[in-house]
Amino acid sequence: MTIKEEVTTMWKSGGGDDDVEVDEDGNELLAGGRYLTPAAVTVKRVVVVGYALTSKKTKSFLQPKLERLARNRGIQFVPVDPEKSLSEQGPFDIILHKLTGKEWRQILEDYRQAHPEVTVLDPPDAIQHLRNRQSMLQDVADINLSNSYGRVGVPKQLVITSDDASSIPDAVTQAGIKLPLVAKPLLADGSSKSHELSIAYDPESLQKLDPPLVLQEFVNHGGVMFKVYIIGEAIKVVRRFSLPDVSKRELTKNSGVFPVPRVSCAAASAEDADLDPRVAEIPPYPLLERLAKELRRRLGLHLFNLDIIRDHGNPDRFYVIDINYFPGYGKMPEYEYMFTDFFLSLGQRKYKKYALASC
Ligand SMILES: O=P(O)(O)O[C@@H]1[C@@H](OP(=O)(O)O)[C@H](OP(=O)(O)O)[C@H](O)[C@H](OP(=O)(O)O)[C@H]1OP(=O)(O)O
Ligand SMILES: Nc1ncnc2c1ncn2[C@@H]1O[C@H](COP(=O)(O)OP(=O)(O)O)[C@@H](O)[C@H]1O
Ligand SMILES: [Mg+2]
Ligand SMILES: [Mg+2]
């Protein structure tokens, strides 16, 4: 059994067994003004989460409030040294990671084989699927979700792999996709180049693009997008500002290729803005839950988000335009609570499977 067990003094706080009541900042609360008294010496399980993240990601994810809440709920974060053998570190219950490179993937894969009892968030092969903008959306297209709450699909798109950019206008005509087009680097490998998108308004200018690319039809969506964050079985949706619609007049007037500003990245949440409800209304939860459940299963991932837009001309029609592995959760309200719940549920599942099974 590798679950770390700690003998701790349980403090009785008027309820709960191993759950401690905490305030907004993760500090323990005294129940009803009573003094806390040591109730019993008992065994309290600690869920050990090893993390291998860039320093930027560590800063944005492991915020003090999350660390405090986690500590109070029996979750311990331990940095992983990617240069050293994983088996010699730990023991861990969970490995949380977002590092790149073939070597790191192999280290993780070997560790998963050797330690099936540890949950690796997430398996490297499943993550690779999201690092190509064609394969990342394939499952959404296959699911082809449509029910009484609406329809979810992928904008029409074309993959250009040939180096010869002069052939792009013909390829676009043959594929029957309509301008304007969003040109996205095929690889979504986390590099800044992979986020350099552009909009092409006319066929001639398509020759200025730099393959390999995905060319996606631009869908007018009223300048608001939805970030659907998935953490295990939980989902949370936030609104962000996005690109404005392109009118027919602008399309005939404009020509050329223009870089897409990273508007969704500008901390500009659209939550408090006074927006047209036809544009800003959150997509129906039953629809998102179905989609998230199906994608979790098909992708084999626990931690990802979907960028979703609503067709401005048809409010029941939604498009997934991007899927990101382990995105910027630190910007998501209440992420601390959702993550601690998630880690505890994984710890509990492991305890039931491995510790109780051996009794
Ligand atoms: O840095 P952040 O917090 O803006 O997070 C980025 C995400 O922003 P968002 O969740 O939309 O706010 C960002 O999402 P978008 O691609 O901008 O939709 C990516 O997930 C990015 O990771 P990568 O560069 O694709 O590997 C994420 O970058 P990393 O933090 O993983 O480096
Ligand atoms: N098909 C599309 N139609 C309209 N706007 C789009 C489309 N694809 C992308 N965008 C806009 O461009 C932004 C960045 O595109 P996205 O595919 O999410 O790339 P990234 O991985 O860099 O975030 C989106 O947040 C959205 O504002
Ligand atoms: Mg995006
Ligand atoms: Mg992305």
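Biologist: Why does Glu281 count as partly exposed?
Modeller: We count other C-beta atoms, placed from the backbone, within 10 Å of a residue's own: 20 or more is buried, 12 or fewer exposed, and in between partly exposed. Glu281 has 14 C-beta neighbours inside 10 Å, so it counts as partly exposed. Keep in mind that this is a predicted model, where local features need pLDDT of at least 70 and side-chain atom pairs count only at pLDDT 80 or more, while totals for chains, interfaces and linings use all residues. Residues are numbered from 1 along each chain as its sequence is written, and chains are lettered from A and ligands numbered from 1 in the order in which they are written.

Biologist: Where is Glu281 found?
Modeller: Glu281 sits in the loop between helix H8 (277-280) and helix H9 (285-299). Such elements are DSSP runs numbered from the N terminus, with helices (H or I) of at least four residues and strands (E) of at least two.

Biologist: How many helices and strands does the protein have?
Modeller: There are 10 helices and 17 strands. Of the protein's 359 residues, 26% count as buried.

Biologist: Which residues of helix H2 are buried?
Modeller: In H2 (residues 64-72) they are Leu66, Leu69 and Ala70. These cover an arc of only 100 degrees around the axis, which means they are on the same side of H2; the arc is taken from the directions from the helix axis to the C-beta atoms. Strand E4 (75-79) and helix H10 (335-355) are among what covers them. After H2 comes Gly74, with a positive phi near 80 degrees.

Biologist: How is the protein divided into domains?
Modeller: The bounds come from an automatic or database domain assignment. Here you get domain 1 (47-122 + 341-353) and domain 2 (129-325). Their centres, taken over C-alpha atoms, are 31 Å apart.

Biologist: How many residues of domain 1 are in contact with domain 2?
Modeller: Contact takes C-beta atoms, placed from the backbone, within 7 Å. Five residues of domain 1 contact eight residues of domain 2. On the domain 1 side, two are nonpolar, two polar and one charged. For the classes, Ala, Val, Leu, Ile, Met, Phe, Trp, Tyr, Cys and Pro are nonpolar, Asp, Glu, Lys and Arg charged, and the others, Gly among them, polar.

Biologist: How many residues surround ligand 1, and which are the closest?
Modeller: A residue belongs to the shell if its C-beta atom, placed from the backbone, lies within 6 Å of the molecule. That gives 16 residues, the closest being Ser60, Gly190, Asn324, Pro327 and Gly328. Helix H1 (55-61), strand E16 (303-310) and strand E17 (317-325) each give two or more, and H1 gives the most, with three. By class, the shell has three nonpolar, six polar and seven charged residues. Domain 1 and domain 2 each supply at least three residues.

Biologist: Where does UniProt place the feature "binding site"?
Modeller: The unreviewed entry puts it at Lys98, His195, Lys227, Asn324 and Gly328; annotations of this kind may be inferred rather than shown by experiment.

Biologist: Lys98: buried or exposed?
Modeller: Lys98 counts as buried because it has 20 C-beta neighbours inside 10 Å. Lys98 lies in strand E5 (residues 94-98) and touches Leu53, Lys57 and Phe326, leaving aside residues up to four places away in sequence. Asn324, in strand E17, has 17 such neighbours inside 10 Å and so counts as partly exposed.

Technical notes
Contact = placed C-beta atoms within 7 Å.
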